[in-house]
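Here is a friendly walk through a two-chain model. Keep the structure open beside the text as you read.

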Amino acid sequence: MLSYAAIFVSTLIGFSLLLNLWRFIKGPHMLDRIIALDTMYINAIALIILLGIFLETTLYYEGALLIAMLGFVSTSAVCKFILRGDIIE
Amino acid sequence: MALFWVPLLTCSGSLAALFTQRLGRSACVAISALFPAMALAIILMHTKQVFDLEQIRFTASWIPALGLDLSFRLDGLSFLFAILILAIGLLVMLYARYYLSAHEAAGRFYAYLLLFMTAMVGIVLSNNVLQMWFFWELTSLTSFLLISFWNHRSDARKGARMALAITGAGGLALLAGLLLMGQVVGSYDLDVILNSRELIQSSESYLIMLILVLIGAFTKSAQFPFFFWLPHAMAAPTPVSAYLHSATMVKAGIFLMARMFPVLAGTEAWFLLVSVTGLLTLLIGAYVALFKHDLKGLLAYSTVSHLGLITLLLGLGTDLAAVAAVFHIINHATFKASLFMAAGIIDHESGSRDMRKLNGLFKYMPITATLAMVASAAMAGVPLLNGFLSKEMFFTETLQQSTLGSISWMIPVFATIGAAFSVAYSLRFIHDVFFNGTPGDLPKTPHEPPRYMRVPVEVLVALCLIVGIFPEATVGKLLASASIAVLGGDLPYYHLHIWHGFNLPLVMSILAMAGGAAIYFNRHVLFRIQANFAEKNESVIFDNAVKKLRDASRWLMDGIDTGATQRSVFWLLFLALAFTLPPLMGLNSTAGLRPQLPLDPVMIAGATLLCVCSVATVIWHNNRLLSLLLLSVVGLIVSISFALFSAPDLALTQLSVEVVTIILLLLALYFLPQYVRNHSSPGLIVRDLSVSVLIGGVVGTLTYAMMTRPLDSIAEFYTANAKLLGGGTNIVNVILVDFRGFDTFGEITVLAIAAIGIYKLIARMRLFQPSANIEGIPWAKDKHPFMFEIISQALLPLALMVSCYIFLRGHNLPGGGFIAGLITSVAIIQQYIAHGNDWLVPRIKLNYLTLLSSGLLIAFITGVGGFIWQQPFLKSWHDYVDIPFIGEIELASAMGFDLGVYLTVIGSSMMILANLGGLTTADRLRPQNREAK
């Protein structure tokens with residue numbers, strides 16, 4: 001039962017990834033693109049967790065953890081770049 | 001084993017010299033001289049064995065697959081040379097103590113000198129020709145350092161460069177010759193080579209081999225036409241000249257010829273090449289020496305001439321001539337080293353080396369003058385001195401050869417003429433400097449040197465006398481054992497006596513003496529003739545040749561590589577296509593036998609993202625920030641695919657690398673134009689587009705074909721053995737730290753080097769800082785938003801904990817030092833972004849350079865640790881330990897190695913990122929400040 005749910009949810013997330021892509025390509029502003037990228041990171045976390053549920057393993061958990069923790073870093077760095085140009089000052 | 005200690009001791013002496021530098025010159029020389037003295041003692045301990053014609057060997061296997069052994073031997077010839085090198089080296093060290101002034105870096109000088117000594121004893125003791133060649137090259141390098149010791153002087157730098165270029169080029173020729181020899185014989189072992197005379201001389205490549213080896217020897221021993229580097233090397237401090245250019249380095253070429261004498265000599269080609277070169281060098285050197293006004297210049301050309309004499313003797317190829325050559329090696333080393341030292345004393349105490357100013361010094365320094373006079377008399381070949389004995393033997397040998405057929409009589413005639421010039425310049429050294437009027441305007445009033453500065457000269461001059469009067473008793477056995485080693489067989493009958501009766505050689509000697517005196521006292525005639533020739537400056541000629549070579553290679557390079565990336569990439573891909581297309585056409589069907597994996601919606605979505613973003617990166621490549629974001633999407637999808645296809649380690653690595661990459665590129669992007677103009681002409685676009693479409697198609701086809709076919713890989717081996725041999729269940733990590741640990745070690749070393757390189761590159765850089773963004777909107781005012789600071793700060797402990805966790809479990813589950821290191825770096829760099837450099841630098845007291853180097857050191861020590869238990873480098877050890885309350889845990893030496901990787905990764909990445917980030921802050925000048933402290 002759980003595996004069916006996993007397949008169903010991951011299909012939905014795949015679809016939302018495509019929507020993210022649409023926003024990314026369309027823009028129009030760089031901010032839209034950054035948010036699209038950040039959302040992609042969030043969706044990626046979901047995908048990896050779902051993979052773990054589907055395969056009944058905890059092996060992938062750290063991958064999701066890493067995206068959750070570090071995805072924020074690259075998003076914030078790009079934002080800082082837009083705001084100040086110089087990210088370490 | 002004892003033999004192995006000889007180069008090891010001299011090498012350690014060079015370190016000792018560096019470390020004792022601060023104790024002052026006397027302590028520095030006293031401590032560092034202990035090492036060569038011990039080495040000399042080791043050599044002398046073998047005296048009896050060597051005189052009994054035993055050959056002492058020490059061999060340790062090094063790279064058996066390449067025929068490389070660490071192998072040393074001590075026979076008569078290497079015994080003789082080792083003694084010359086170490087004993088004269090010790091005398092030179094004592095001499096240099098007084099020669100160098102207090103403000104000069106004595107430690108550096110002695111370190112170079114001892115390193116050079118190491119190289120020299122390495123050459124003479126080697127029992128493997130490749131190993132010998134290695135030490136040979138080391139002498140070129142160390143002599144470069146020694147000649148350019150006064151590196152503020154342009155003539156010293158030029159002389160050093162010239163010496164390095166000539167001897168280095170000769171070294172390459174020698175390597176080629178030795179490789180050929182090794183191929184013919186089938187071994188690089190000197191014992192085997194020395195026993196393969198017939199094989200070598202009957203092989204087709206004998207002549208090429210001979211010429212290549214001789215080029216090596218001739219360049220090193222300053223033989224015609226390569227001799228011009230030696231006079232220019234006189235820009236070195238005099239102790240260096242006394243050591244390198246009389247007793248050791250220039251004798252390396254002679255040593256090589258003597259070493260190879262048993263296998264290469266005895267043929268027509270050997271005779272012609274070696275003896276004619278020797279004769280020419282003998283004559284030219286002796287002639288030019290007379291015209292040099294510089295004391296050291298005279299001695300340099302006289303050295304050239306004497307080296308020519310030894311070469312000529314070796315070239316004659318008879319047994320007795322070889323004995324005479326060995327004898328003259330000993331004699332020349334003693335009298336020439338003492339003469340150089342005397343010249344150095346004169347220069348030191350009078351401030352000039354110009355013989356036009358130096359006159360009548362006998363009154364001012366009678367003892368030094370007497371010593372120098374005895375030594376130059378030995379150089380001229382005056383009876384009762386050692387030079388006379390070997391010169392008589394030389395004359396005898398020139399008379400007894402008949403290889404030039406009916407014109408063989410020319411050789412003794414030329415030899416006498418050369419000897420006459422030798423008498424003439426020796427006379428000039430004595431008469432012009434110590435008598436002949438009063439001193440010209442010298443910078444200092446000449447006086448005797450410090451007591452101990454003269455001791456080395458006294459020792460050597462005493463040797464000249466003793467050997468000259470009692471040859472058989474002093475050097476008889478040494479000469480015999482060395483000659484046997486050169487000849488590789490029985491010793492011919494000879495006796496060392498002063499008086500051989502009234503014979504032709506004695507007549508030649510008398511003629512040379514009289515002729516030399518006549519030449520000297522009528523030298524004005526010769527000077528006038530010589531003045532008609534424009535004086536050549538070899539330095540200028542050499543520089544022009546180097547410049548021409550450089551221009552030619554630049555022209556060639558410019559023709560091939562215009563510096564345009566597009567062009568290089570085009571050719572690269574074009575060639576890749578040319579090589580991959582034909583075999584692909586031979587393949588019947590693209591798809592193999594393996595069934596397709598089922599397609600699911602997530603994969604379709606992922607593939608769409610991948611394709612669209614890749615293509616979009618190409619289309620929008622003009623906008624750099626946008627293409628960077630697109631690349632992040634690609635990286636994210638790739639990471640997810642790694643996870644999906646059962647490679648969690650790769651996924652973790654890729655994710656952390658993605659973050660570091662984007663930060664790095666953003667840091668660089670600040671200083672770069674945000675938009676790139678399109679430079680390509682339509683024709684180029686068509687060319688590039690077609691090649692890239694083709695290559696994309698080929699790579700796609702290749703991948704598809706590969707993945708639809710069953711594949712046997714090495715993976716099975718690792719799955720089976722990771723736990724068994726490496727003690728971990730995470731195969732990736734076990735491969736990294738154990739199976740391929742040596743590769744990992746190499747990689748982290750490269751990483752560290754790259755980090756230091758980048759650090760050095762940007763250390764004092766000042767770059768343009770834009771004041772507004774690409775759309776012209778000024779930057780936001782708030783440098784460090786409060787919310788951002790708080791959240792980032794909270795990230796640090798969390799990330800450190802995660803990295804610790806990832807690190808510890810790495811051996812058995814996905815993770816390891818590399819990933820953990822990247823996570824830690826990202827967490828630290830986030831603090832830099834959120835709080836800024838000024839806030840963070842006082843708070844994080846991490847020296848990234850220390851971190852990086854300690855990481856490398858830990859990895860290295862863990863690797864070397866295996867040696868203690870007689871295990872190979874990086875062999876890992878693991879065991880299970882039961883700790884109360886915690887339970888059984890596994891301890892593996894691989895953990896230590898992984899810790900090294902962890903620290904190196906943090907150190908390197910932080911060194912790059914923090915310094916690149918620091919470019920815009922007040923901290924960018926830090927390296928300069930640190931140096932000032």
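A residue is called buried here if 20 or more other C-beta atoms lie within 10 Å of its own, and exposed if 12 or fewer do. Please bear in mind throughout that this is a predicted model.

An α-helix has 3.6 residues a turn, so residues three or four places apart point the same way.

**Where the chains meet**

Helix α26(B) leads us to the contact between the chains. Here 47 residues of chain B are in contact with 41 residues of chain A. On the chain B side, the elements that give two or more residues are α26 (601-619), α27 (624-644), α28 (648-669), α33 (786-809) and α34 (817-835). Which of them gives the largest share? That is α28(B), with 10 residues. By residue type, the chain B side of this contact divides into 36 nonpolar, 10 polar and one charged.

**The two chains in outline**

Chain A has three helices and zero strands, and along its sequence the pattern reads α-α-α. The radius of gyration of chain A is 15 Å, well over the 12 Å that the globule rule gives for 89 residues, so chain A is more spread out than a compact globule. In chain B, the secondary structure comes to 38 helices and four strands.

The table sets out some overall values for each chain.

| Chain | Box filled by C-alpha atoms, along the principal axes | Buried residues |
|---|---|---|
| Chain A | roughly 50 × 30 × 10 Å | 44% of 89 residues |
| Chain B | roughly 110 × 75 × 65 Å | 45% of 933 residues |

Contacts along the sequence can be described as well. Among contacts in chain B between residues at least 6 apart in sequence, 78% join residues at least 24 apart. In chain A, residues 24 or more positions apart account for 46% of the contacts with a separation of 6 or more.

For chain A, an unreviewed UniProt entry places the feature "transmembrane region" at residues 6-22, 34-54 and 60-83. In the model, residues 6-22 of chain A are 100% helix and 0% strand, with end C-alpha atoms 24 Å apart. Residues 34-54 of chain A are also 100% helix and 0% strand, and their end C-alpha atoms lie 30 Å apart.

For chain B, UniProt (unreviewed entry) lists "domain: NADH:quinone oxidoreductase/Mrp antiporter transmembrane" at residues 126-404. That span of chain B is 77% helix and 0% strand, and its end C-alpha atoms are 35 Å apart. UniProt (unreviewed entry) also gives "domain: MrpA C-terminal/MbhD" at residues 609-674 of chain B. Residues 609-674 are 82% helix and 0% strand in the model, with end C-alpha atoms 25 Å apart.

Helix α22 (residues 504-521) of chain B has 18 residues and reaches 26 Å from its first C-alpha to its last, close to the 26 Å expected at 1.5 Å a residue. Its buried residues are B:Pro505, B:Met508, B:Ser509, B:Ala512, B:Gly516, B:Ile519 and B:Tyr520. They cover an arc of only 100 degrees around the axis, which puts them on the same side of α22(B). The face turned away from that buried side carries the exposed residues B:Leu504, B:Val507, B:Ile510, B:Ala514 and B:Phe521. Covering the buried residues of α22(B) are elements of chain B including α17 (366-380), α18 (386-399), α19 (410-434) and α23 (523-531).

Finally, find B:Pro583 in helix α25 (residues 565-585) of chain B. Is B:Pro583 buried or exposed? With 9 other C-beta atoms within 10 Å, B:Pro583 is exposed.

Note on methods:
Residues are numbered from 1 along each chain as its sequence is written. Chains are lettered from A and ligands numbered from 1 in the order in which they are written. This is a predicted model: local features need pLDDT of at least 70, side-chain atom pairs count only at pLDDT 80 or more; totals for chains, interfaces and linings use all residues. Two residues are in contact if their C-beta atoms, placed from the backbone, lie within 7 Å. Ala, Val, Leu, Ile, Met, Phe, Trp, Tyr, Cys and Pro count as nonpolar, Asp, Glu, Lys and Arg as charged, and the others, Gly among them, as polar. UniProt positions are given in the numbering used here, feature names are shortened, and annotations may be inferred rather than shown by experiment. The radius of gyration is taken over C-alpha atoms; the globule rule is 2.2 Å times the number of residues to the power 0.38. The expected span of a helix is 1.5 Å times one less than its number of residues. The arc is that of the directions from the helix axis to the C-beta atoms.
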